[in-house]
Amino acid sequence: MTALTGGLTAPSGAPRAWGTARTVLRLHRTALLLWAAAVAGLSGRLVWLTLVTAPAERAAVDCGGEDFCDSTVPGFGFGTPLGWIGTLVAYAFLGVAAFAGGALIGREVESGTARLAWTQSVTPTRWLAAKLAVPALVIAGGATVLVWVFRWSWEAHPDLVFQEWSEAAAFLARGPATVAYALCALAVGMLTALLLRRALPALGVSVAAMALLNLALTRLRPSLWPEVHRTSATQVVPPEHAWVLAEGALVHGRPRTGVPYWNCGGAPAAVRRCLDDLGVTGSYASYHPQSHYWPLHLVETAIVLTVAALATAAAFAVVRRRRR
């Protein structure tokens with residue numbers, strides 16, 4: 001009976017809550033082992049890239065000033081795999097959504113195991129709390145390790161990194177938004193499974209919902225924090241590594257795009273006449289400097305955690321209503 005009901009009754013003499021949590025770990029030990037292996041493998045690969053691959057690449061181009069050697073671009077052995085690992089870290093929440101909607105909740109609701117468990121000594125609320133809390137701790141712990149190691153690797157050799165800080169995967173993988181998305185995926189997957197009561201549809205809908213949330217926030221990301229807007233009578237040059245949102249010419253003092261001012265060349269007087277003919281009176285640029293990374297990142301993290309909290313509250317409301 002313990003195996004059938006998910007073992008949700010605690011063994012005699014042990015706290016009931018610990019028995020429920022232990023059962024969740026036992027039932028999903030395969031997923032736990034896979035997650036642990038993924039965290040360990042990716043972390044180990046990042047350590048190897050940082051401590052072994054990057055120094056080796058630097059040594060390979062240090063050959064006494066020969067022209068051919070100096071023209072060799074280092075970083076492909078470091079920057080390329082670092083970028084792929086960053087993508088895996090940033091979008092691991094899609095796997096969490098699939099797990100939560102399919103195996104964690106959807107399968108038990110579809111098979112009737114969850115309702116059978118509710119007729120035993122465990123309440124629906126306690127059952128859902130254990131299903132949420134135990135995976136949340138495991139997922140958040142592993143995601144935090146990956147973020148720390150990835151950020152350390154990224155900052156160790158910035159000149160060998162090909163991605164800019166504003167690129168989608170690098171933006172997420174270097175901060176707590178990665179953890180927030182994973183927790184949100186867990187909550188959304190649980191809610192979807194409770195509503196649909198079918199494992200496979202819940203899996204698909206959970207992944208799609210999280211993908212849409214990420215897509216929406218990616219498009220809104222530039223507006224999550226006020227950008228810097230600069231105008232000048234000459235060319236505006238944004239800071240190095242700035243996330244340029246828009247730039248162009250000022251035509252009679254107003255920003256315009258598509259003005260072919262770059263075709264104006266020759267002597268300074270000829271350039272000035274050409275610009276006057278186009279009505280160009282200066283230039284403008286709107287951008288986020290690199291210092292805006294944390295404000296942008298933390299605002300997005302707060303939004304995702306808010307969605308996670310709402311999905312969690314909705315899941316508990318659904319399970320209470322189903323019990324009645």
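Helix H6 and its neighbours

The axes of H6 and H11 come within 8 Å and cross at roughly 25°. This is a predicted model, in which local features need pLDDT of at least 70 and side-chain atom pairs count only at pLDDT 80 or more. Residues are numbered from 1 along each chain, and side-chain values use heavy atoms.

Q: Why are H6 and H11 called roughly parallel?
A: Their axes cross at roughly 25°, and angles under 35 degrees count as roughly parallel. H6 and H11 are therefore roughly parallel to each other.

Q: Which residues of H6 and H11 make the contact?
A: With contact meaning heavy atoms within 4.5 Å, Phe-93, Val-96, Ala-97, Ala-100, Gly-101 and Leu-104 of H6 meet residues of H11 including Tyr-181, Leu-186 and Met-190. By class, eleven are nonpolar, two polar and none charged.

Q: What makes H6 roughly antiparallel to H12?
A: The axes of H6 (residues 93-104) and H12 (residues 199-220) come within 7 Å and cross at roughly 150°. Angles over 145 degrees count as roughly antiparallel, so H6 is roughly antiparallel to H12. The contact of H6 with H12 has ten nonpolar, four polar and no charged residues.

Q: What makes a set of residues a nonpolar core, and which residues have the most contacts inside the largest one?
A: The set must be buried (under 20% relative accessible area, 1.4 Å probe) and consist of Ala, Val, Leu, Ile, Met, Phe, Trp, Tyr and Cys residues joined through side-chain atoms within 4.5 Å. The largest such core has 64 residues, and those with the most contacts inside it are Ile-105, Leu-128, Tyr-181, Leu-186, Met-190, Leu-194 and Met-210. H11 gives the most to this core, with 13 residues.

Notes: Axes fitted to C-alpha atoms, helices over the stretch in contact; angles between N-to-C directions. Helix = DSSP H or I, 4+ residues; strand = E, 2+ residues; numbered from the N terminus. Parallel < 35°, antiparallel > 145°, perpendicular 65-115°, else oblique. Nonpolar A, V, L, I, M, F, W, Y, C, P; charged D, E, K, R; others polar. Buried < 20%, exposed > 50% of the residue type's maximum accessible area, 1.4 Å probe, protein only.
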